[in-house]
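Visitor: I would like to learn how to read a protein model feature by feature. Please give me the rule each time, then the case.

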Amino acid sequence: MLIIDEVKRLFHVDKRSWLKFLDDGNLPFKPDQLHSLFKSIIKKDSSPKKDLLPRGNMLLRPRRRDEFTVDAQNKPCRPEEALERFITASNPDTSSRRYCNQFPIRGGKESCDIAILNDDTNHEFVELKAWRSDDSPLYAIVESLKNFYLYSKIRDYGIKHHREFKYFNKANLIVLAPRYYYQLWLPQKSNFDSLRKALTAFSSEFDTYISLMELSLEEKEFNEKCKVCKIIKVTNGKKKVCVSTEDAIPELARDNWRLLVSSERS
């Protein structure tokens with residue numbers, strides 16, 4: 001999170017900056033300023049401690065994590081984590097498409113929430129937010145662009161990555177969240193034209209396509225679904241459960257993600 005922390009420190013990417021953008025259409029920074037910041041801090045450095053380039057044998061490993069923790073009442077301890085597990089379980093792989101979660105993008109705990117890897121078309125990198133996330137859509141967009149930039153550096157610098165990753169296709173970026181999240185962060189009177197222009201500016205600067213998409217699943221319904229998952233371990237009153245394809249939720253299938261707004265395609 002060192003990269004995002006630096007973005008927040010320099011550009012003040014917080015709730016106030018998002019609300020100001022919705023009010024006057026002005027971002028707290030320009031797309032080229034963000035790009036320049038990434039270039040300045042994500043580079044080879046003489047000091048290993050300052051080198052923020054991706055590294056590690058697990059980079060870009062296509063994997064599916066299917067466990068998450070619930071409390072004594074069988075409620076997810078981390079709703080975003082649980083939702084991520086259910087999304088991948090609800091989207092089966094095909095011969096040319098693979099759904100992964102916690103896709104390692106820099107090493108350590110820095111991963112893309114969900115990666116949809118395609119053999120013959122663009123990959124899709126998903127930044128996921130839960131119903132009540134404190135992170136604004138602007139913060140999520142910056143996180144997505146950071147992951148995309150790291151991915152491009154792995155390709156450009158020929159950085160060693162996991163052997164199962166095959167295709168360095170271009171990637172589209174998606175901020176995905178339940179409808180309730182967008183109702184909190186995007187009031188009905190929001191200026192979607194300004195948001196579309198901002199997404200288009202980011203897309204042009206980073207050479208990608210960005211969209212905000214929503215899920216129709218309600219939180220109460222989701223919590224009920226979590227209660228019937230298979231329990232695999234209990235530690236200190238907390239249960240770890242496992243999601244399988246049998247737990248798939250139709251609303252989470254890729255075809256049922258609803259587009260809210262996107263950058264204009266060139």
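Guide: Start with exposure: a residue is buried under 20% relative accessible area, exposed over 50%, and partly exposed in between, with a 1.4 Å probe and protein chains only. Helices (H or I, at least four residues) and strands (E, at least two) are DSSP runs, numbered from the N terminus. The model is predicted, so local features need pLDDT of at least 70 and side-chain atom pairs count only at pLDDT 80 or more, while totals for chains, interfaces and linings use all residues. Residues are numbered from 1 along each chain as its sequence is written, and side-chain values use heavy atoms, with hydrogens and water left out.

Visitor: Which residues of helix 1 are buried, and which are exposed?

Guide: Helix 1 covers residues 2-11, and I3, I4, V7 and F11 are buried in it. These residues are on the same side of helix 1 because they cover an arc of only 95 degrees around the axis; the arc is that of the directions from the helix axis to the C-beta atoms. L2 and R9, on the other side of helix 1, are exposed.

Visitor: What do the buried residues of helix 1 pack against?

Guide: Contact means heavy atoms within 4.5 Å. The buried residues of helix 1 pack against helix 3 (31-41), strand 2 (97-107), strand 3 (110-118) and helix 5 (137-156). Just after helix 1 comes H12, with a positive phi of about 55 degrees.

Visitor: How do I read a sheet?

Guide: Strands of a sheet pair through backbone hydrogen bonds, either parallel or antiparallel. Two strands count as paired if DSSP finds at least two bridges between them. Here six strands form an open sheet with mixed pairing, in the order 2-3-4-5-6-9. Strand 2 and strand 9 (258-262) are the edge strands, each pairing on one side only. From one strand to the next, the twist averages 30 degrees.

Visitor: How many bridges join strand 6 to strand 9?

Guide: Four bridges join strand 6 (residues 210-215) to strand 9, and the two run antiparallel. M213 has L259 in strand 9 as its bridge partner.

Visitor: Which helix lies across strand 2?

Guide: For angles, axes are lines fitted to C-alpha atoms, for helices over the stretch in contact, and the angles run from 0 to 180 degrees between N-to-C directions. Helix 4 (residues 79-89) lies across strand 2, strand 3, strand 4 (123-128), strand 5 (171-178) and strand 6, and runs at about 140 degrees to strand 2.

Visitor: Where is there a hairpin?

Guide: Strand 7 and strand 8 form a hairpin with two residues between them. Strand 7 (residues 230-235) and strand 8 (residues 238-242) pair in the antiparallel sense over five bridges, and T235 has K238 as its bridge partner in strand 8. N236, in the turn, has a positive phi of about 50 degrees. V234 is found in strand 7 and counts as exposed at 54% relative accessibility.

Visitor: How do I describe two aromatic rings?

Guide: A pair of aromatic rings is described by the distance of the centres and the angle of the planes. Rings of Phe, Tyr and Trp (its six-membered ring) pair if their centres lie within 6.5 Å; planes under 30 degrees apart count as stacked, over 60 as edge-to-face and the rest as tilted. The count by this rule is 16 aromatic pairs. One of them is F125 with Y151, edge-to-face because the centres are 5.0 Å apart and the planes at 90 degrees. F125 is in strand 4 and Y151 in helix 5, 26 residues apart.

Visitor: What pair do Y151 and F168 form?

Guide: Y151 and F168 form a tilted pair, 5.6 Å centre to centre with 35 degrees between the planes. Y151 counts as buried at 1% relative accessibility, whereas F168 is partly exposed at 29%. Both belong to one aromatic cluster, formed by F103, F125, Y151, F165 and F168.

Visitor: Where does a charge sit over a ring?

Guide: The rule asks for NZ of Lys or CZ of Arg within 6 Å of the ring centre and within 35 degrees of the ring normal. The charged end of K15 sits over the ring of W185, 5.9 Å from its centre. For K153 the ring is that of Y157, with the charged end 5.2 Å from its centre.
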